[in-house]
Each structure stands twice: as structure tokens, then as C-alpha cells.
Amino acid sequence: MRLLRHLSLYIALSLGANAAIAADVAELEGLRADSLKRLVVHAEPRSVSNAAFFLEDEGGTTTLQDYRGKVVLLNFWATWCAPCRKEMPQIAELQEEFGGEDFEVLTIAAGRNSPSGIVKFFDENGITNLPRHQDPKQALAREMAVVGLPITVLLNREGEEVARLIGDAEWNSDSAKAIIAAMIADPGDS
């Protein structure tokens with residue numbers, strides 16, 4: 001009898017969790033417009049890689065797990081990528097508006113990008129508020145199934161991937177801001 005009660009409780013909790021995930025998915029999908037229509041919102045959050053990447057500004061390495069507790073917009077890019085040049089200032093606007101305890105933009109230059117080339121790219125595009133992290137051997141990019149650039153991944157506070165967009169988008173659009181605001185407003189799973 002006790003086992004039956006535990007099983008019933010487990011099933012009820014599971015159904016409640018699945019309903020919450022479905023509501024979050026529906027909410028994020030409903031906020032997509034224009035270029036953000038291409039944002040693929042996953043039915044359930046996905047695990048992310050534990051591969052280390054280089055903290056160019058601070059020195060040393062870290063992993064995505066070090067950003068748990070924040071909503072993260074993770075952007076894989078390269079200095080030679082024309083769409084990256086277009087969207088990076090827009091991503092910087094998101095960091096300017098939402099950055100802080102609850103949200104952070106992580107920009108990771110994947111592949112061969114010289115530190116001086118990255119600095120030049122940021123300077124030419126007037127970007128002063130984004131990190132210049134690197135993944136020179138593409139360990140993180142490979143494990144995150146980054147097959148082209150740019151690719152932007154949204155991570156919830158638990159450090160799980162909840163959505164992904166392949167290619168550039170208007171990250172300073174009302175749609176993008178509404179999606180980020182909704183994820184920040186959700187203190188639990190996003």
C-alpha cells in the first residue's frame with residue numbers, strides 16, 4: 001500500500017512537472033516573432049557540455065556549469081563570420097538591458113580566432129560589454145553540436161539548453177527581449 005502511495009505521488013509530481021514544462025515551451029514559442037521565429041524551443045530542457053572554454057578577459061578556463069543560477073544567452077561566433085558582425089551589437093544591447101544577477105550573455109569565439117582579431121572585431125563594432133571567451137579547439141562547440149556560425153543557445157537557470165537558433169537574428173527586437181524577460185521572470189525551470 002505504501003509503495004502504491006509513493007508511486008501515485010511520483011506520477012502526480014511528474015505530470016505536474018511536464019505540465020509546467022509544456023507551459024514554459026508554449027509561452028516561449030508564443031513570444032517568437034520575425035527572425036526569432038527560427039528559435040527552436042525544446043519540448044524538454046537538454047543537458048549541455050562540460051567542456052572547458054578559455055576566459056580571454058579574465059584568464060583561465062571555465063565551463064557552462066559555472067553560470068548556473070542565471071539565464072544565459074550563449075552565442076558561438078567567429079571573427080570571419082559576416083552574420084556575426086551584424087548581430088553582435090544587437091546581442092550587446094541585450095547584455096546592456098538585462099545583464100546582471102539574473103542574466104548574462106556569453107560570447108564564445110569558436111575555432112581559429114586570434115586574440116588580437118577578436119579585440120579588433122569588438123572595437124570595430126563598438127562592443128565593450130561582452131566577454132571575449134574562446135573555444136579554439138572547438139571542444140565545447142563540437143559537444144554542443146555547433147555545425148555553423150552563428151549559433152545562439154538559451155540556457156535556463158539550471159544550466160540546461162531550452163532553445164537554439166541557427167544563424168543570425170535580431171537579438172535587440174521586441175520578441176527577443178520578451179523571450180529573455182520571460183525566462184528571467186521564471187525563478188525555477190525556464
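I began with helix H2, residues 82-98, in this predicted model. At 1.5 Å a residue, its 17 residues should span 24 Å, and I found the end C-alpha atoms 25 Å apart, which agrees. I then looked for a bend and noted a kink of about 35° at methionine 88, shortly before proline 89. After H2 comes glycine 100, with a positive phi near 155°.

Next I checked burial along H2. The buried residues include Cys84, Met88, Ile91, Leu94 and Phe98. Among the elements covering the buried residues of H2 are strand E4 (71-77), strand E5 (103-110) and helix H5 (174-185).

I turned to the largest nonpolar core, which has 36 residues; Leu73, Phe103, Leu154 and Trp171 have the most contacts inside it. H2 is one of the elements that give two or more residues to this core, as are helix H1 (2-31) and strand E8 (161-166). I listed a separate second core of 19 residues, including Phe76, Ile108, Ala141 and Leu155.

Last, I searched for salt bridges and got 7 in the whole structure. Glutamate 124 and arginine 85 pair at 3.1 Å, N to O. Glutamate 124 is in helix H3 and arginine 85 in helix H2, so this pair ties together parts 39 residues apart in sequence. I also found Arg85, Lys120 and Glu124 linked in a network of salt bridges.

Glutamate 97 and lysine 177 have their closest N and O atoms 3.1 Å apart in a salt bridge. This pair joins H2 to H5, so parts 80 residues apart in sequence are tied together.

Aspartate 102 meets arginine 157 in a salt bridge at 3.2 Å, N to O. I noted aspartate 102 as partly exposed at 36% relative accessibility, and arginine 157 as buried at 10%.

Notes
Residues are numbered from 1 along each chain as its sequence is written. This is a predicted model: local features need pLDDT of at least 70, side-chain atom pairs count only at pLDDT 80 or more; totals for chains, interfaces and linings use all residues. Side-chain values use heavy atoms; hydrogens and water are left out. Helices (H or I, at least four residues) and strands (E, at least two) are DSSP runs, numbered from the N terminus. The expected span of a helix is 1.5 Å times one less than its number of residues. The bend at a residue is the angle between axes fitted to the seven residues ending there and the seven starting there. Buried means under 20% relative accessible area, exposed over 50%, partly exposed in between (1.4 Å probe, protein chains only). Contact means heavy atoms within 4.5 Å. A nonpolar core is a set of buried Ala, Val, Leu, Ile, Met, Phe, Trp, Tyr and Cys residues joined through side-chain atoms within 4.5 Å. A salt bridge is a side-chain nitrogen of Lys or Arg within 4 Å of a carboxyl oxygen of Asp or Glu.
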